[in-house]
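Please keep the sequence and the structure in view while reading.

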Amino acid sequence: IGSVVALSTLAGGGVWFGGYRPGSLAAAEPTSTAVAGPFDVDLRLLAHPDEVSILPGAPSKVWRYTAERIAGPTETLTPVGESYAGPLIRLRRGQRLLVRIDNELPEDTTVHWHGLHVPSDVDGQPRLPIAPATSMTLAFDVVDRAGLYWYHPHPHGPDGGRVGLQSYAGLAGPLIINDDAERALGLPDGERELVLILQDRTFSDGNELQYIGGGGMGAMMTRMRGFRGERVLVNGHPDARREVSTRPYRLRLLNGSNSRIYKLAWSDGRAVIVIGTDGGLLAEPERRRSVTLAPAQRIDLWVDFGDTEPGESVQFVSEEYQLGMMGGGGMMEQGMMGDMMDRGMMRDMMGSERIPLVTFAVVARANDSETLPERLAQDLPTSPVQADTPVRRFELGMRMMQGFTINGRRMEGTTVADDEIVRLGQTEIWEFVNDSMMPHPIHIHGLQFQIQERTGSKTDLHDGIIDAGLHDTVLVFPQERVRIALTFKNFEGLYMYHCHNMEHEDAGMMRYFKVVA
Ligand code: C2O
Ligand code: CU
Ligand code: CU
């Protein structure tokens with residue numbers, strides 16, 4: 001890759017794809033009702049530059065979140081590793097949260113609560129930037145189901161988005177909501193509930209994080225495909241290893257990568273047992289040989305090391321895959337954009353077609369164990385779709401020298417078109433048709449949706465797709481049509497829908513929509 005440069009030289013100003021200008025970001029009028037105290041949880045969240053030790057040798061410059069608990073239960077904040085990952089924020093459904101965000105970065109940022117049903121004005125959208133050396137205080141009620149959500153920056157200025165760069169620099173953290181229904185299931189918790197954030201990164205010889213730089217052809221191509229790092233970190237650490245006993249564990253995974261899709265599997269071929277998705281637990285577990293996880297998606301897994309002898313280890317890996325439009329591979333994935341190069345690089349580095357993510361070393365025998373509940377969530381909504389549910393269609397396409405588009409458009413600030421206005425309380429089917437050469441993980445703010453139907457192409461990754469349960473991000477493959485059902489509840493105002501390949505969204509594959517009464 002000839003187009004990566006030290007992240008620190010990009011901080012505070014970069015060159016963006018196609019010289020794209022997104023139009024006015026003038027804040028629209030506030031639409032939500034402010035939430036008043038008392039608050040159950042009060043946090044300070046600080047976004048700031050730092051140096052952390054990631055690889056042996058010199059420390060790496062990063063941007064990261066650290067947090068302080070002013071009020072609330074001690075369980076509210078837990079560190080995630082000793083690297084750059086933001087702390088785990090653990091909330092209970094029903095709590096009222098107050099959080100002050102302090103920006104000590106050299107540029108604007110926001111904090112978006114990915115997956116949470118929150119009012120538009122606290123959603124951390126680009127229209128609500130926090131300037132350097134200033135802070136923003138916001139509050140909301142925790143109303144979502146138990147599940148793993150996350151928080152990350154969402155700035156988008158006149159020169160394009162900075163989500164890719166800021167997240168890559170280290171700004172991202174997990175957020176777990178607990179509730180009574182989930183607790184009653186007695187799933188593994190404490191040190192047997194592992195939060196694992198997958199992110200790929202490229203380092204210079206001096207351990208500096210490298211990101212796309214410059215305006216050349218190579219940089220343009222990388223931006224079109226999305227940035228992929230040479231190695232995968234887990235919670236900001238290479239070569240992740242966990243010591244476990246012969247008991248069940250709960251693995252809660254977040255794909256926090258800019259563009260990499262993972263095909264997750266166990267090295268010994270055991271089934272991957274899925275108990276939850278973006279929006280919480282499934283009604284019942286699903287077993288797959290591998291599971292597909294696109295950027296921004298989360299997956300909740302159950303694994304029982306009860307049949308592994310102490311002294312042995314099992315690896316959790318990502319397998320290589322083909323994303324072909326016709327079996328053999330689409331141009332975009334197969335080399336035109338350099339995928340072959342990444343693949344070759346991986347093989348050289350790892351000596352295999354499998355990227356090891358976490359090694360689970362079984363070190364102790366446990367006396368007790370639990371069994372996987374065959375019935376999980378009882379509170380999943382039934383399909384809200386009826387015969388007269390309206391369908392709204394979105395075409396994911398590509399325009400030469402512009403990049404990827406949604407219905408031929410790109411982000412134009414807070415401007416919404418007539419077909420981007422929806423009614424409060426209404427259920428709709430949104431149909432995404434992918435006519436481009438790349439898969440797009442499509443994300444919708446402020447709600448969880450159900451995936452109704454998927455028709456079209458089949459790839460190596462399709463067997464690992466979990467469409468059951470609730471989602472906020474859905475992967476739409478080239479030559480595929482995906483229908484989701486969503487209901488615009490409780491909050492009026494501006495929200496966003498976009499591709500969560502961060503380079504795509506930064507290049508404008510992102511739009512506002514508006515919920516009106
Ligand atoms: Cu995870 Cu609009 O974002
Ligand atoms: Cu979001
Ligand atoms: Cu995309």
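Three domains make up the division of the protein chain: domain 1 (4-183), domain 2 (226-364) and domain 3 (391-516). These bounds come from an automatic or database domain assignment. The structure is a predicted model, in which local features need pLDDT of at least 70 and side-chain atom pairs count only at pLDDT 80 or more, while totals for chains, interfaces and linings use all residues. Residues are numbered from 1 along each chain as its sequence is written, and chains are lettered from A and ligands numbered from 1 in the order in which they are written.

## The chain as a whole

The protein chain has seven helices and 34 strands. Here helices (H or I, at least four residues) and strands (E, at least two) are DSSP runs, numbered from the N terminus. Of the 517 residues, 49% count as buried. A residue is buried if 20 or more other C-beta atoms lie within 10 Å of its own, exposed if 12 or fewer, and partly exposed in between, with C-beta atoms placed from the backbone. Among contacts with a separation of 6 or more, 80% come from residues 24 or more positions apart. Two residues are in contact if their C-beta atoms, placed from the backbone, lie within 7 Å.

An open sheet of five strands has the order S4-S5-S12-S9-S7, and its pairing is mixed. Its edge strands, S4 (77-78) and S7 (112-114), each pair on one side only. Two strands pair if DSSP finds at least two bridges between them. Strands of a sheet pair through backbone hydrogen bonds, either parallel or antiparallel. Strand S5 (residues 88-92) pairs with strand S12 (residues 173-178) in the parallel sense over four bridges, and arginine 92 has asparagine 178 in S12 as its bridge partner.

How many residues of domain 1 are in contact with domain 2? There are 20 of them, and they touch 17 residues of domain 2. Strand S9 (147-152) and helix H2 (163-168) each supply at least two residues of this side of domain 1. By type, the residues on this side are eleven nonpolar, seven polar and two charged. In this count Ala, Val, Leu, Ile, Met, Phe, Trp, Tyr, Cys and Pro are nonpolar, Asp, Glu, Lys and Arg are charged, and the others, Gly among them, are polar.

Strand S22 (residues 298-304) is mostly covered, with six of its seven residues buried. Strand S17 (residues 248-255) runs antiparallel to S22 and is joined to it by seven bridges; leucine 254 has arginine 298 as its bridge partner in S22. Strand S19 (residues 272-277) is also antiparallel to S22, with three bridges between them, and isoleucine 273 stands opposite tryptophan 302.

In helix H4 (residues 217-225), the buried residues are Ala219, Thr222, Arg223, Met224 and Arg225. Glycine 226 follows H4 and has a positive phi, near 105°.

Strand S29 (residues 440-444) and strand S33 (residues 493-499) pair in the antiparallel sense over three bridges, and isoleucine 442 stands opposite cysteine 499 in S33.

## Selected loop residues

Most residues other than glycine have a negative phi, and most peptide bonds are trans.

Is alanine 133 buried or exposed? Alanine 133 counts as exposed because it has 10 C-beta neighbours inside 10 Å. Asparagine 235 is buried because 23 other C-beta atoms lie within 10 Å.

A cis peptide bond, with omega about 5°, joins glycine 37 and proline 38. Proline 38 lies in the loop between helix H1 (7-10) and strand S2 (41-52).

Arginine 409 is placed in the loop between strand S26 (403-406) and S27. Arginine 409 counts as partly exposed because it has 17 C-beta neighbours inside 10 Å.
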